Amino acid sequence: MYDFKPDAALDREELYRELIAAADALTAGEPDGVANMANVAALLWEFLPDLNWAGFYRVAPAKAGGAEELVLGPFVGRPACIRIPFGKGVCGVAAESRATQLVVDVHAFPGHIACDAASQSELVVPVLGDDGAVIAVIDLDSPSPARFTEADAKGIESLAHLLADRI
Ligand code: SME
C-alpha cells in the first residue's frame, strides 16, 4: 500500500514539493508510461483540493490517420471526451502552443470543451520531450471559479518536467 496523503496544513509550495517527491518515488525506474500516468493522476487527486477532474491526454495518431491529436489517458473524474484536435479547447490550445493554459473561467475561454458541466476553471500544462515536442498534457479541472493560481501552474510545470521521460 502507498500512503501519500499530504498534510492539510501545507502551504501551496510545500504541497507541490511533496507531490513531486511522491510522483518521483512512484515512477522512478518504471518504464510503463500508462502505469506512471495512472499513479500520477491518483496522486494529483489525493494532493490537490477542489478538483473534479485530474489526468492526462496523450499525443497519438488521429483515428483517420494523418495529423496527431490528443487522446484521453489515465485520469480521475467523470468520463471525458476521448479525442481533442490540436488547437481545440483548452487542452488542444496547450498542446498546439506548447504553453500552460491557466483558465480562471472556462465559460469565457473560446472553444472550451465541457466534458463535465461542473467545471468552472481549468489548468492545462504540456509535457514536452527532449526535442521540445509535446508528448501529452496534464489537465486539472475545478468546480470553483479561479481555483488555479500561478503557484499551481509552476508546480504542475515542474511535475511535467519530471514526467517527460517517464510517460
Ligand atoms: N475542458 C477540456 C477538455 C477535457 S476535460 O476538461 C477533461 C478542454 O477544453 O480542452
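## Disulfide

The predicted model holds 1 disulfide (a pair of cysteine sulfur atoms within 2.5 Å). The bond joins Cys81 to Cys115, with an S to S distance of 2.4 Å. The pair links distant parts of the chain, 34 residues apart. Cys81 lies in the loop between β2 (68–77) and β3 (83–85), whereas Cys115 lies in the loop between β4 (101–103) and β5 (121–128). Helices (H or I, at least four residues) and strands (E, at least two) are DSSP runs, numbered from the N terminus.

## Basis of the model

This is a predicted model, in which local features need pLDDT of at least 70 and side-chain atom pairs count only at pLDDT 80 or more, while totals for chains, interfaces and linings use all residues. Residues are numbered from 1 along each chain as its sequence is written, and side-chain values use heavy atoms, with hydrogens and water left out.

## Ligand shell

The ligand is surrounded by 13 residues (a heavy atom within 4 Å), of which the closest are Val90, Cys91, Ile113, Glu122 and Asp141. The shell comprises 8 nonpolar, 2 polar and 3 charged residues. Its largest share, 3 residues, comes from α3.

## Polar contacts and cover

Polar contacts are pairs of N or O atoms within 3.5 Å. A nitrogen atom of the ligand is 3.3 Å from a polar side-chain atom of His112. A polar backbone atom of Val90 lies 2.9 Å from an oxygen atom of the ligand, and a polar backbone atom of Ile113 lies 2.7 Å from a nitrogen atom of the ligand. Of the 310 Å² of accessible area (Shrake-Rupley method, 1.4 Å probe) that the ligand has on its own, the protein covers 100%.

Technical notes:
A polar contact is a pair of N or O atoms within 3.5 Å; within protein, one must be able to donate a hydrogen and the other to accept it, and residues adjacent in sequence count only if both atoms are side-chain atoms. Ala, Val, Leu, Ile, Met, Phe, Trp, Tyr, Cys and Pro count as nonpolar, Asp, Glu, Lys and Arg as charged, and the others, Gly among them, as polar.
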